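Please consult the sequence and the model displayed below while reading.

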Amino acid sequence: MSKVIIIDYGSQVTQLIARRVREAGVYSEIHPCQVGIDKIRELAPDAIILSGGPASVGEEDAPTLEMGLLELNVPVLGICYGMQLLAKNLGGELSQSETREYGPAELEFASDCPLWKGLSKKSRVWMSHGDKVSKVPQGFQITAKTPTLAIAAMCDTERKIYALQFHPEVHHSEDGEAMIRNFLFEVANLTADWNMQNFAERVIEECREKVGDGHVICALSGGVDSAVVAVLLNKAIGHRLHCIFVNNGVLRQNEGEEVVGFLREHFDLNLKYIDASKLFLDKFVGVEDPEEKRKIIGHTFIDVFEKEANELKATGVSVKFLAQGTLYPDVIESVSHKGPSAVIKSHHNVGGLPEKMDMDLIEPLRELFKDEVRAVGAELGMPHSVLWRHPFPGPGLAIRIIGEITEERLEIVRKADVIVQEELRSSGWYEKVWQGFAVLLPLKTVGVMGDGRTYESVIALRIVDSVDAMTADWSRVPEDVLAKMSTRIINEVHGVNRVVLDISPKPPSTIEWE
Ligand code: XMP
């Protein structure tokens, strides 16, 4: 099987490179930039891609290029920081751009290059850099420029080293996908021999090997991710998988009952429902800070699981592993496990974990994006209704109640959420958008109902389009659907007299408000 290794220098979009490679049907793995050359040699890649990164090549402590990589005699593609590393280490020159360049740029091809095969002379690409290459190393030629950048791409066809200053992996680079495919198939001559079925088979085999004859606890949230993990593990180890659904007190209306019901109905799972709502809610008293809420959820979850594992152990069952439906966006935004990226939020199933845990983690989906998880689920024969539920965050409604979490405020956000879901479904918009929900704001405003003055809470509607949750835009849901949501929320949810619409994209905002 063809294999591409991606060396991660900390870009927020490194996984998108892996994703584009996988979409082209080629297996890829990401490794941190600290990975040694021995390990890379052992992995025997057919091609290497160097990612972008937040550092500046000249800075002290900036990640460096493992020169041994270039002696492996396999094609190399450097992207952004990766290009600058190649330039600096092979004898070229770098300089700081007069202005940092972010956003779209018009790329013009300056000379023939296999990466441009099948493309017209110009292409819109996405830039994000401060430094630039001012002189190419010996043996290289300039292959593209933009109106403000004389060296936007370069290559040494002899040594099969290619470099791009822009990001071909992001959606906004219109021919980026074609350029990556050209690198894989025109330059590196790889074979497209990877797909979701391979992925599922490989993961089932890996889980079987890792678990041996042990037992695994799986945290089911009711969302698609943990359900897919459970089905994968069920196939790998059968009833040695113990699924637990924890009611953490911040679930949506009827979610506990519905989720347990449909999981039992659709899958032959070993499943237990635990109502820990009081335990969680007691810990939220007086807590307003989003990170603190996330940590409380993460830690309390683990406490509940450990208690459950100990109870199972007491019956002679040895539980060594905890399985979670962590996805790639959760990983990259929590903490960089694979490279030097910045932390945005502690996702409960990653950053919130206590340092010491009595169980090892199994996270079979941590390299995937949501739509890839849905494709794996479909491959495993899971029903559409389960695979197409909107994502629901591990910390639940706790991060949709801005400020303190009280029973009264939970009730408000729950009722508003039901209305948002119902109206999205009845208008046919539920599956057109990535996610839609209600957020309760920590402020009251004046209204008039009947002939009287009201002074009540505000609900914000957050409805977004996205393909991978890394970037998102607010959904252009028709006005009449929004109007109906607003009218129903104000009329039916006691304590709300105003509804507003969130029209911010991600970035710079995030999808959830906390
Ligand atoms: P943000 O708010 O980071 O959300 O733009 C991106 C996607 O991830 C979901 N989300 C979470 N999922 N644990 C999860 O399992 C979490 O802690 C968490 N926080 C956010 C969010 O709903 C969106 O789909």
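Does D61 count as buried, partly exposed or exposed? At 75% relative accessibility, D61 counts as exposed; here buried means under 20% relative accessible area, exposed over 50%, and partly exposed in between, with a 1.4 Å probe and protein chains only.

The model is predicted, so local features need pLDDT of at least 70 and side-chain atom pairs count only at pLDDT 80 or more, while totals for chains, interfaces and linings use all residues. Residues are numbered from 1 along each chain as its sequence is written, and side-chain values use heavy atoms, with hydrogens and water left out.

**The chain as a whole**

- The chain contains 14 helices and 18 strands. Helices (H or I, at least four residues) and strands (E, at least two) are DSSP runs, numbered from the N terminus.
- The radius of gyration of the chain is 25 Å, which agrees with the value near 24 Å that a compact globule of 514 residues would have. This radius is taken over C-alpha atoms, and the globule rule is 2.2 Å times the number of residues to the power 0.38.
- The C-alpha trace spans about 75 × 65 × 40 Å along its principal axes.
- Of the 514 residues in the chain, 59% are buried.
- Contact means heavy atoms within 4.5 Å. Among contacts between residues at least 6 apart in sequence, 74% join residues at least 24 apart.

**Surface and charge**

**Helix α3 and the residue after it**

- Helix α3 covers residues 81-89 and is mostly covered, with seven of its nine residues buried.
- The buried residues of α3 are Y81, G82, M83, Q84, L85, L86 and A87.
- Just after α3, G91 adopts a positive phi of about 100°.

- T454 is located in strand β16, residues 452-465. T454 counts as buried because its relative accessibility is 12%.
- The side chains of T454 and N497 are joined by a polar contact of 3.0 Å. A polar contact is a pair of N or O atoms within 3.5 Å; within protein, one must be able to donate a hydrogen and the other to accept it, and residues adjacent in sequence count only if both atoms are side-chain atoms.
- Leaving aside neighbours within four places in sequence, T454 is in contact with T445, V446, G447, V448, M449 and N497.
- F392 is found in the loop between α12 (384-387) and α13 (407-426). F392 counts as buried because its relative accessibility is 14%.
- Leaving aside neighbours within four places in sequence, F392 is in contact with V250, L251, R252, E255, L397 and R400.
- F392 and F437 are 45 residues apart along the chain, and their C-alpha atoms are separated by 9.4 Å.

**A loop residue, N195**

- N195 is placed in the loop between α4 (176-187) and α5 (196-211). N195 counts as partly exposed because its relative accessibility is 36%.
- The side chain of N195 reaches the backbone nitrogen of Q197 at 3.1 Å.
- The C-alpha atoms of N195 and E101 are separated by 36 Å, and the two residues are 94 residues apart along the chain.

**Backbone features**

- Most residues other than glycine have a negative phi, and most peptide bonds are trans.
- D61, in the loop between β3 (47-50) and β4 (76-79), has a positive phi of about 70° although it is not a glycine.
- N254 also is not a glycine and has a positive phi of about 60°. N254 lies in the loop between β11 (241-247) and α7 (255-266), and at 46% relative accessibility N254 counts as partly exposed.
- The peptide bond from K506 to P507 is cis, with omega near -20°. A cis peptide bond also joins P507 and P508, with omega about 10°.
- P507 is found in the segment after β18 (496-501), and P508 is found in the segment after β18.
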